[in-house]
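Biologist: Hi, could you walk me through this model? I'd like to start with one of the helices.

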Amino acid sequence: MKKPLSLVLCALLMLCALPALAETYSVTESGFGGDVTLTLTVEDGEVTNVEIVGLSETADLGGKAMPALAEAILEAQSPYVDAYTGATMTSTAELPAAEKAFAEAGIAVEAPEVEKGEDETTSCDVVVVGMGASGTFAAVSAAENGAKVIGIEMSQGLGGMGNAAQGMFAIDSVLQKEKYGDDLGSDQEYWFNHIYDRTQFLGNAQLIRTLVGESADTVQYVLDHDIAMFLSPQPQQIAHFDETIVYHRWNDTQPFVHMAEYLEKNAVDIRYGTHADKLEPAGDGTWNVICTKEDNGTLTVNAKAVIMSTGSFAGNEEMMRETLGDDVYEAAFVIGGMDGTGLQMLYDNGAAKGELLTMNHGVGPKAASTPDGGGIKVATQLTMNTPCLWVNRQGKRFMNEDLLKDTVEFSSAVLAQGGYAYTIVDEATVNRWADDSYENTGSWIHYWDHNGILDEDGNHTIYHAPISKEDFLADFEILAETGDGIVAQTIEEAAAFIGCDVETLKTTVENYNSYVKAGKDEEFFKSAESLLWTVEEGPFYVTKGYNAVLGALGGVNVTEKLEVLTGADEIMPGLYATGNNLSGISVAAYQNVEGVGLSTALTTGRLAGQFAAEYAAE
Ligand SMILES: Cc1cc2nc3c(=O)[nH]c(=O)nc-3n(C[C@H](O)[C@H](O)[C@H](O)COP(=O)(O)OP(=O)(O)OC[C@H]3O[C@@H](n4cnc5c(N)ncnc54)[C@H](O)[C@@H]3O)c2cc1C
């Protein structure tokens with residue numbers, strides 16, 4: 001009896017000595033530029049650690065830097081730290097994520113009552129609504145053209161989605177002239193035709209002409225405002241390798257910080273944490289913009305001219321569902337964005353609804369889109385960026401896989417299949433990729449590899465053979481866990497994963513193999529050089545790729561002077577729109593020219609600022 005009793009006592013003592021069990025509660029919410037995951041570690045009802053990880057929520061985008069927020073939440077033991085009160089955080093992900101994580105952990109914290117601040121009325125020549133990429137440039141430009149300017153910005157920083165962008169399109173720029181001399185290899189006529197053709201002539205020709213013609217001056221304007229730029233050493237998309245490099249990149253991670261200096265220098269009054277809700281005519285030819293301030297008070301700005309720079313509607317679920325359709329909206333990987341109120345404010349005053357579309361850009365597994373990148377090292381870079389066999393939900397091929405050379409075009413092709421599709425490679429292919437001798441055979445894996453993209457030390461990038469098979473297999477474990485991939489032993493198993501008819505998939509594979517062996521694709525005419533790998537013996541590696549939707553595009557129609565038009569094509573005096581709010585540059589699909597989004601934003605912002613200032617002065 002003695003021994004068992006001492007054992008029980010011992011066990012009890014050990015239990016007492018054990019530290020309290022730490023539990024973690026993770027919640028992911030969509031924010032500016034992607035998902036944000038907030039993880040609480042809780043011990044004995046007390047929060048002992050807070051971690052916030054996001055794709056591209058930065059100090060400028062999300063309001064406050066994430067580590068600082070995490071620390072504040074930990075210290076306050078509450079999701080309602082100072083930074084979260086008021087309107088500032090309503091459009092970002094951290095507050096909803098923190099509230100949910102506290103609720104899941106069973107920690108009850110009451111939301112503080114925010115005392116309503118004072119209502120305020122003010123006036124100016126030009127009010128810029130939305131101080132993102134285009135709005136910041138519009139405000140500086142309007143002020144430099146002599147206007148008294150107020151900027152309304154719902155977040156705590158400048159630049160909006162422009163902070164995530166790396167570069168802009170331009171032709172005839174000073175940087176291109178430095179690189180190419182007098183003969184750039186292409187000109188404004190070429191790029192106007194390229195962009196306009198891709199709208200199927202449904203686009204706004206004057207606006208496209210303005211964009212192409214003014215883009216070089218925008219580069220100069222950027223440089224003149226202390227934002228360093230360089231001409232990308234090579235195009236970012238393989239499809240543009242034979243063309244003049246038009247992608248002008250900024251080498252500064254905080255480009256809009258420089259513009260902040262110019263805003264200050266020109267006495268632009270920026271109201272951060274302020275959400276514009278309503279636009280109405282003031283009766284004397286001027287406009288009132290009615291906003292909710294951070295303290296919930298109302299701000300009414302009376303202005304001679306309004307520049308609507310609110311960045312379209314990617315965060316407005318209803319408009320996104322209307323644009324993409326419910327099934328695709330639910331299937332695709334949609335990066336959040338703006339709530340569309342800016343456009344609604346214009347529609348409420350008679351602006352015509354222009355073409356609405358989305359910025360489809362690339363295809364990837366959802367696992368890799370998680371804040372930590374899903375831990376995937378190499379697999380999907382290869383299975384989703386090489387010209388291997390792609391099939392849709394019916395198990396049929398649907399495109400010439402060489403479309404992968406163009407991030408935008410292949411994204412559109414997958415979107416047309418319902419927002420996702422699958423790739424299949426067999427064991428022999430993976431073994432070849434992992435084989436030391438493979439790199440000497442003259443074959444290639446990734447388009448980047450094929451085009452000789454090297455890192456700064458002259459080495460091939462990670463996509464070059466041989467790859468580590470261990471990493472590849474480890475990646476497939478992650479993909480299997482998230483439902484984004486499978487290592488199928490048989491075609492039957494692959495068909496079950498895809499959810500398609502086995503015989504259809506078998507026929508697809510057989511036909512595809514015959515094209516590879518013959519070096520001729522009878523179905524979709526893929527180039528012979530890309531018909532590299534048959535799909536013969538299992539295991540088969542199947543990956544599911546979802547459309548990445550970077551944002552929404554379009555909203556209102558404008559003149560080449562950025563004046564907003566009614567349904568009757570009449571100019572709405574004093575109303576201007578910029579950037580992603582504009583319809584007519586892209587129609588149906590985002591333009592495939594690198595940097596068209598940012599170029600449109602910065603160029604139309606710069607010009608709208610000038611035109612609005614001139615209008616106000618009149
Ligand atoms: C991840 C990512 C990468 C990208 N990379 C590139 C690239 O390399 N090259 C390229 O050309 N394009 C790129 N783009 C697209 C580019 O960033 C956009 O086209 C551009 O930022 C649009 O500018 P904008 O001024 O219209 O909108 P934004 O820059 O998004 O600005 C909108 C602003 O309005 C504010 N706002 C919205 N509604 C209200 C309201 N009601 N009241 C007050 N404020 C409001 C927002 O807070 C925001 O600051 C990328 C986009 C993403 C998401």
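**Helices, strands and the ligand**

Modeller: Happy to. Helix α18, residues 491–498, has as its buried residues Ile491, Ala494, Ala495 and Ile498. A residue is called buried if 20 or more other C-beta atoms lie within 10 Å of its own, exposed if 12 or fewer, and partly exposed in between, with C-beta atoms placed from the backbone. Helices (H or I, at least four residues) and strands (E, at least two) are DSSP runs, numbered from the N terminus.

Biologist: How do the buried residues fall when seen down the axis of α18?

Modeller: They fall within an arc of 100°, so they line one face of α18. The arc is that of the directions from the helix axis to the C-beta atoms.

Biologist: And what do the buried residues of α18 pack against?

Modeller: They pack against β15 (389–391), β16 (420–426), β17 (485–488), α19 (502–518) and β18 (540–553). Contact here means that the C-beta atoms of two residues, placed from the backbone, lie within 7 Å.

Biologist: Before I go on, where do the numbers and the model come from?

Modeller: This is a predicted model: local features need pLDDT of at least 70, side-chain atom pairs count only at pLDDT 80 or more, and totals for chains, interfaces and linings use all residues. Residues are numbered from 1 along each chain as its sequence is written.

Biologist: Good. Which residues of α17 are buried?

Modeller: Phe472, Asp475, Phe476, Ile478 and Leu479 are the buried ones in α17. They cover an arc of only 160° around the axis, so they sit on the same side of α17. On the other side, Glu470, Glu477 and Glu481 are exposed.

Biologist: What covers the buried side chains' residues in α17?

Modeller: The cover includes α13 (379–383), α15 (427–434), β17 and β18. Gly483 follows α17, and its phi is positive, near 80°.

Biologist: How far apart are the end C-alpha atoms of α17?

Modeller: They are 20 Å apart, which agrees with the 20 Å that its 14 residues (469–482) should span at 1.5 Å a residue. The expected span is 1.5 Å times one less than the number of residues.

Biologist: Switching to strands: in what order do β6, β7 and β8 sit in their sheet?

Modeller: The order is β6-β8-β7, in an open sheet of three strands with antiparallel pairing. The edge strands, β6 (167–169) and β7 (229–231), each pair on one side only. Two strands pair if DSSP finds at least two bridges between them. Three bridges join β6 to β8 (residues 247–250), and Met168 has His248 in β8 as its bridge partner.

Biologist: Which strands form a hairpin with Gly283 in the turn?

Modeller: That hairpin is made by β10 and β11, with five residues between them, and Gly283 has a positive phi of about 100°. Six bridges join β10 (residues 275–281) to β11 (residues 287–292), and the two run antiparallel. Pro281 has Trp287 in β11 as its bridge partner.

Biologist: Now the ligand. How many residues surround it?

Modeller: There are 41, and the closest are Gly130, Gly132, Gly160, Gly311 and Gly579. A residue counts as near if its C-beta atom, placed from the backbone, lies within 6 Å of the molecule.

Biologist: Which element gives the largest share of that shell?

Modeller: That is α20, with five residues. Elements that each supply at least two residues include α5 (133–144), β6, β10 and α12 (341–347).
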